[in-house]
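Please look over the sequence and the structure shown below before turning to the briefing. The notes are meant to be read beside them.

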Amino acid sequence: MPYFITIVSLLFLFQCGNPSDPEKDKKTGFPSENQPKRILYFGDSLTAGYGLLNYEDAWPHVLTNRINGEGYSYQMTNAGVSGDTTSGGLGRLEWVLAEKPSIFVLELGANDMLRGISPKVTKENLRTMVKQIKSQYPNTKILLVGMMATPNMGKKYASAFNSIYPELAKEENIPLVPFILEKVATIRKLNQKDGIHPTEAGHKLVADTVYPYLKPLLEK
């Protein structure tokens, strides 16, 4: 996906706030009960809302507004950076974890696929991120968001890549959204001119796709 830092990634600095502000329990090092619950969406241009006129039309914002409208109370951080790979995500993970999320939504790997990076590398990067989150914040719930290879990558590569997410979800015992673009892939009117990034209407359907997997992780 185009290596372009959207307004979301620029505003990310402001959304995060001061990493040292949230209170910690002095004994456990975990966020205190008084700290607001937060969902951290960690991904690439699909999460960042690449190409949208208003970044708040991106699916993480649509989804968070929906669940809060149902009586939940979650703050959110959209940590989507266009062009990011799993290696890039691994490099910035420590910084975003300063947000101390209650729920961590991990959406990365599409750019690895488009660049032909070995699925073994992608899987191990994702696994390392999952393990780091678990180690640093055992109480944080992780939702893995899956991607599927495009047909032009070839059957062998596609088979290896497509198995990354279900295998990792099973091995690490975390819930999985099988395919983030399930409702929008290949549908021209739901994608921008590049045929890759969803339109505003497409992002609403992506939010619908993720919703049933995120809802069981929510707490009032």
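What follows covers the overall fold, the aromatic pairs and the charges placed over rings.

This is a predicted model, in which local features need pLDDT of at least 70 and side-chain atom pairs count only at pLDDT 80 or more, while totals for chains, interfaces and linings use all residues. Residues are numbered from 1 along each chain as its sequence is written, and side-chain values use heavy atoms, with hydrogens and water left out.

**Fold and surface**

- The protein has nine helices and five strands, where helices (H or I, at least four residues) and strands (E, at least two) are DSSP runs numbered from the N terminus.
- Along the sequence, these elements follow the pattern α-β-α-α-β-α-β-α-α-β-α-α-β-α.
- Of the 220 residues in the protein, 51% are buried, a term that means under 20% relative accessible area, as against exposed at over 50% and partly exposed in between (1.4 Å probe, protein chains only).
- Among contacts (heavy atoms within 4.5 Å) with a separation of 6 or more, 77% are between residues 24 or more positions apart.
- The protein exposes about 10700 Å², of which carbon and sulfur atoms supply 55%; accessible areas come from the Shrake-Rupley method with a 1.4 Å probe, and for residues only the protein chains shown count as cover.

**Aromatic pairs**

- A search of the whole structure finds four aromatic pairs, counted when rings of Phe, Tyr and Trp (its six-membered ring) have centres within 6.5 Å, with planes under 30 degrees apart taken as stacked, over 60 as edge-to-face and the rest as tilted.
- Tyr157 and Phe161 both belong to helix α7 (residues 155-162), where four residues, about one turn of the helix, separate them, and both are buried.
- Tyr157, Phe161 and Tyr165 together form one aromatic cluster.

**Charges over rings**

- The charged end of Lys37 sits over the ring of Tyr74, 5.3 Å from its centre, the criterion being NZ of Lys or CZ of Arg within 6 Å of the ring centre and within 35 degrees of the ring normal.
- Lys220 likewise places its charged end over the ring of Tyr72, 5.0 Å from the ring centre.
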